[in-house]
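Work through the exercises below with the structure open beside you. Try each task before reading its solution.

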Amino acid sequence: GQPLPIVLCDTELPNDGRMEIDITVREQVIFGGQPPFGAVITYHRSLQEAQNGWNNILNPKQFYNTQNPQTVYASVLNQNGCRSVVSLTVRVLPLPEPNMTPTPLELCEDEFGSGEAIFDLTTAESNLSNFANYNYSYYFSFNDAITGDDATKIADPRVVLTGTSTVYVRVTNSFSDSDLQCAVVVPLELIVNPWPSVGPMTPLVACMDTPAETTTFNLHDKD
């Protein structure tokens with residue numbers, strides 16, 4: 001049968017649309033189940049090579065594409081010497097390209113000595129990117145952000161009580177012609193600043209050469 005394209009996300013930034021691909025993953029579709037007895041399948045870069053059985057790709061489990069998208073050809077030769085050829089398209093989708101070093105979010109602690117503040121993590125999004133097709137989810141651990149498990153993401157990123165720490169933003173993009181989403185994880189630093197320590201205050205005393213009801217004080221003497 002005619003296999004669906006193999007669609008994958010690029011492996012790292014910067015995007016180059018090139019990666020190692022296992023092009024054998026569609027063999028069950030090509031054969032319509034298990035391969036017939038004695039059938040041999042080879043993969044080729046051109047239709048002519050596939051039709052003639054020439055220049056097969058030596059390791060189709062580690063095929064490295066040179067174009068994006070790229071069409072390769074599967075050639076199936078049965079035990080009677082008859083050959084069938086089917087095309088297979090591979091496509092590499094780009095990862096999101098946000099700002100990987102966003103400006104830290106910084107607040108004063110909510111109460112004196114608490115060391116904690118309530119952050120609205122979504123305020124970082126304008127600094128992460130201005131692409132409308134990017135989506136953001138937030139996690140307390142890097143590994144959770146990598147897996148993107150909904151059960152571990154921060155339920156309400158607009159109200160997060162925490163001390164100075166790092167959270168992780170999973171940035172995903174979407175495509176009009178594919179259900180696949182690609183993602184990168186960006187660390188976001190949260191900084192909680194303490195209140196200044198003031199006091200205890202003591203009286204500010206001034207000596208007067210001539211008694212009077214008022215005099216001038218330098219309040220900075222108490223700094």
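The model is predicted.

**Exercise 1. A salt bridge between Arg158 and Asp156**

Task: Find how the side chains of Arg158 and Asp156 meet, and classify Arg158 as buried or exposed.

Solution. 
- Step 1. Take the N to O distance: it is 3.1 Å.
- Step 2. Apply the cut-off of 4 Å for a salt bridge. The side chains of Arg158 and Asp156 meet in a salt bridge.
- Step 3. Check accessibility. Arg158 has a relative accessible area of 53%, so Arg158 is exposed.
- Step 4. Do likewise for the partner. Asp156 has 28% relative accessibility, so Asp156 counts as partly exposed.

**Exercise 2. The other salt bridges**

Solution. 
- Step 1. Side chains of opposite charge can pair when their charged atoms come close.
- Step 2. Asp177 is exposed, at a relative accessible area of 53%. Arg91 counts as partly exposed, at 24%.
- Step 3. Lys153 has a relative accessible area of 36%, so Lys153 is partly exposed. Asp150 has 55%, so Asp150 is exposed.

**Exercise 3. Cysteines**

Task: Which cysteine is joined to Cys9, and what is the handedness of the link?

Solution. 
- Step 1. The rule gives a count of one disulfide.
- Step 2. Cys9 is joined to Cys182, with an S to S distance of 2.1 Å.
- Step 3. Cys9 sits in strand β1 (residues 6-9) and Cys182 in strand β12 (residues 178-193). The pair links distant parts of the chain, 173 residues apart.
- Step 4. Read the torsion about the S-S bond. For Cys9 and Cys182 it is about -90°, so the disulfide is left-handed.
- Step 5. Check burial. Cys182 has a relative accessible area of 1%, so Cys182 is buried.
- Step 6. Turn to two further cysteines. Cys82 counts as partly exposed, at 47% relative accessibility. Cys108 counts as exposed, at 52%.

**Exercise 4. A sheet and its edges**

Task: Give the strand order of the open sheet of four strands, and name its edge strands.

Solution. 
- Step 1. The order is β7-β12-β11-β9. The pairing is mixed.
- Step 2. Look for strands that pair on one side only. These are the edge strands, β7 (105-108) and β9 (135-139).
- Step 3. From one strand to the next, the twist averages 30°.
- Step 4. Five bridges join β9 to strand β11 (residues 165-175), and the two run antiparallel.
- Step 5. Find a facing pair. Tyr139 stands opposite Tyr168 in β11.

**Exercise 5. Two threonines**

Task: Locate Thr24 and Thr42, then list what each contacts beyond four places in sequence.

Solution. 
- Step 1. Thr24 is in the loop between β2 (20-21) and α1 (27-31). Thr24 has a relative accessible area of 12%, under the 20% cut-off, so Thr24 is buried.
- Step 2. The side chain of Thr24 makes polar contacts with two side chains: that of Asp22 at 2.5 Å and that of Lys61 at 3.4 Å.
- Step 3. Leaving aside neighbours within four places in sequence, Thr24 is in contact with Tyr43, Pro60 and Lys61.
- Step 4. Thr42 belongs to strand β3 (residues 40-44). A polar contact of 2.8 Å joins its side chain to that of His44.

**Exercise 6. Sequence against space**

Task: How far apart are Pro203 and Thr166 in sequence and in space?

Solution. 
- Step 1. Pro203 is in the segment after β12.
- Step 2. At 70% relative accessibility, Pro203 counts as exposed.
- Step 3. Pro203 and Thr166 are 37 residues apart in sequence. From C-alpha to C-alpha they are 44 Å apart in space.

Key: Residues are numbered from 1 along each chain as its sequence is written. This is a predicted model: local features need pLDDT of at least 70, side-chain atom pairs count only at pLDDT 80 or more; totals for chains, interfaces and linings use all residues. Side-chain values use heavy atoms; hydrogens and water are left out. Two strands pair if DSSP finds at least two bridges between them. Axes are lines fitted to C-alpha atoms, for helices over the stretch in contact, and angles run from 0 to 180 degrees between N-to-C directions. A polar contact is a pair of N or O atoms within 3.5 Å; within protein, one must be able to donate a hydrogen and the other to accept it, and residues adjacent in sequence count only if both atoms are side-chain atoms. A disulfide is a pair of cysteine sulfur atoms within 2.5 Å. Buried means under 20% relative accessible area, exposed over 50%, partly exposed in between (1.4 Å probe, protein chains only). Contact means heavy atoms within 4.5 Å.
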